[in-house]
Amino acid sequence: MPKNKKRNTPHRGGGGGGGGSGAAAATTGGQHRNVQPFSDEDASIETMSHCSGYSDPSSFAEDAPEVLDEEGTQEDLEYKLKGLIDLTLDKSAKTRQAALEGIKNALASKMLYEFILERRMTLTDSIERSLKKGKSDEQRAAAALASVLCIQLGPGIESEEILKTLAPILKKIICDGTASIQARQTCAACFGVCCFIATDDITELYSTLECLENIFTKSYLQEKDTNVTCSTPNTVLHISSLLAWTLLLTICPINEVKKKLEMHFHKLPSLLSCDDVNMRIAAGESLALLFELARGMESDFFYEDMESLTQMLRALATDGNKHRAKVDKRKQRSVFRDVLKAVEERDFPTETVKFGPERMYIDSWVKKHTYDTFKEVLGSGLQYHLQSNEFLRNVFELGPPVLPDAATLKTMKIPRFERHLYNSAAFKARTKARSKCRDKRADIGEFF
C-alpha cells in the first residue's frame, strides 16, 4: 500500500468520463502556461490538480493542487493520463517529451495495471514513434517510459509484444555511433530492463547480451596499453551497457553463464584502471557478482589471477590519490571494501530496505544489483512498487502484497501536500496571533 493513503477503490481503466464536463467548463478563459510533467516526488495523487482542457498542454501543471477524495482520486489521475497520452502525438517536440515524462513519473508512483493494459498498444506506438523520429531528450524520455511500462505489466505476452516491437529500434540506437551518447545510454539501460522482464526467447536473450557486450568491451584495455586510462565520452554508455549485461547474466542458464565467465573474467579487471570512478565502481560490483555466480555453480571455484586482482582491489579500497575528488574517493573506498570482502572472504554486508510496514534484506550481490537497477528506473516510486507490484515482489521473493491495518496506516508518513497544508495553517495562525499581540501593545502605548 502507498504510504500516503488507503486504497478503497479498485483500479479501473475507464474512469475518465466523470471529469469530462468539468474539464470542458474549466477550459473557457484558461491561460497558457509552460509544460511541466509530473515531478518524481510530486506525482502522488493528492498533488494533482484537475485537468482543464487538453488543447493546452500547460494545463497539466497549472494552479494549486486540490485535495481529492478517495473515490475521485483514481478517476482524476486516469483522466489526466488520457490527456498526456494524447499529447504524445503533439507537433511540438517539447510537449511530446513532457507528456512522455509525465506518464513515466505517474506510472513510477502508482500501479495502474488495468488502465495501462487497455492502452498498451497506443503507448507502444507513441514510444516507437519518439524513438524513431525524436531527438536525444525525447528518445531518452521514450526509453525511460518503456522500462516503467514493462515493470507495470510484468512478464507476459503484453510485455513480450512491447519488447518485440521496440527491440530492433533500441538496438539500432545503441549501436549508432552518430546518435546522442545520452540517448544510447538510456536505451541500453532500457533494453536490459525490458529484456529482463519480458523475454521468453533464449535466442533473444543471447542476442541482447551480445549487443551489450559489443559496447562495453570497447573499454577493455589491450595488453600493450596496460598503462592507458580508458575514460572517453562513450564511457557513460559503456557503464550502462555493462550494468545491463550483468543484470541479464543473472537470468541466463548455467552453461551460458560459464561461457561468459570464461570470456570476461580475465578482461573485466582492466576496467578497474579507468580514470572514471563510476566505471571503476561498475566494474568492481560486476566482478563481485561474477564471483558470486561462479561460486554458486562450483563451491571450489579457483581464479588464477587472484593475487593480482586482490592487490588491485585493496589499492582501490584504500585509495588516497590526491588528484581525485574527496567524494569520489570516499564512495570508491566504501564500495571496494565490500567488493574485496566478497572476492577474498565470500562475504556480503547485508542491507535492510524498509517500505511501509515491511522490510527486505539484501543479502547477495545479485539481489543488490537487481535492486539498484529498479531503483534507478523507478526512483522514489520503488518503495510503492515493492508494496504493490506483484512482479517486483516475485523478483525479491516478498510474497503476496501485505495490507496494513488501520493502526499501521495512522503511523505512516503524512503526504507532503497534507504536511504543506498543515504548516501553512500553522503559519497563518502564528501570524494572526502576533498581529493581535502587536495591536494590543499599540493600544496600551496610546493609553499611556
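The structure holds 12 salt bridges. The model is predicted. Here we follow a few of these contacts, then turn to the backbone.

Start with Arg96 and Glu138. Their side chains meet in a salt bridge, with an N to O distance of 2.9 Å. This pair links distant parts of the chain. Arg96 sits in helix α3, which covers residues 93–109. Glu138 sits in helix α5, which covers residues 136–153. The two partners are 42 residues apart. Are they buried or exposed? Arg96 has a relative accessible area of 16%, so it is buried, because buried means under 20%. Glu138 has 5% relative accessibility and counts as buried too.

Now move to helix α10, residues 254–264. Here the side chains of Glu256 and Lys259 meet in a salt bridge, at 3.7 Å from N to O. How far apart are Glu256 and Lys259 in helix α10? They are 3 residues apart, so about one helical turn separates them. Glu256 counts as buried, at 7% relative accessibility. Lys259 counts as partly exposed, at 45%.

Glu256 has another partner. Its side chain also meets that of Lys260 in a salt bridge, at 3.7 Å from N to O. Both residues lie in helix α10. They are 4 residues apart, about one turn of the helix. Glu256 is buried, and Lys260 is buried as well. Which residues do the shared partners join into one network? The network contains Glu213, Glu256, Lys259 and Lys260.

Next, the backbone. Most residues other than glycine have a negative phi.

Take Arg346. Its phi is positive, about 55°, although Arg346 is not a glycine. Where is Arg346 found? It lies in the loop between α13 (326–345) and β1 (351–355). Arg346 is partly exposed, with a relative accessible area of 46%.

Then look at Glu397. This residue is not a glycine either, and its phi is positive, near 55°. Glu397 has its place in the loop between α16 (390–395) and α17 (406–411). Is Glu397 buried or exposed? Its relative accessible area is 70%, so Glu397 is exposed, because exposed means over 50%.

Glu256 meets Lys259 and Lys260. Arg346 and Glu397 are found in loops.

Definitions and conventions: Residues are numbered from 1 along each chain as its sequence is written. This is a predicted model: local features need pLDDT of at least 70, side-chain atom pairs count only at pLDDT 80 or more; totals for chains, interfaces and linings use all residues. Side-chain values use heavy atoms; hydrogens and water are left out. Helices (H or I, at least four residues) and strands (E, at least two) are DSSP runs, numbered from the N terminus. Buried means under 20% relative accessible area, exposed over 50%, partly exposed in between (1.4 Å probe, protein chains only). A salt bridge is a side-chain nitrogen of Lys or Arg within 4 Å of a carboxyl oxygen of Asp or Glu.
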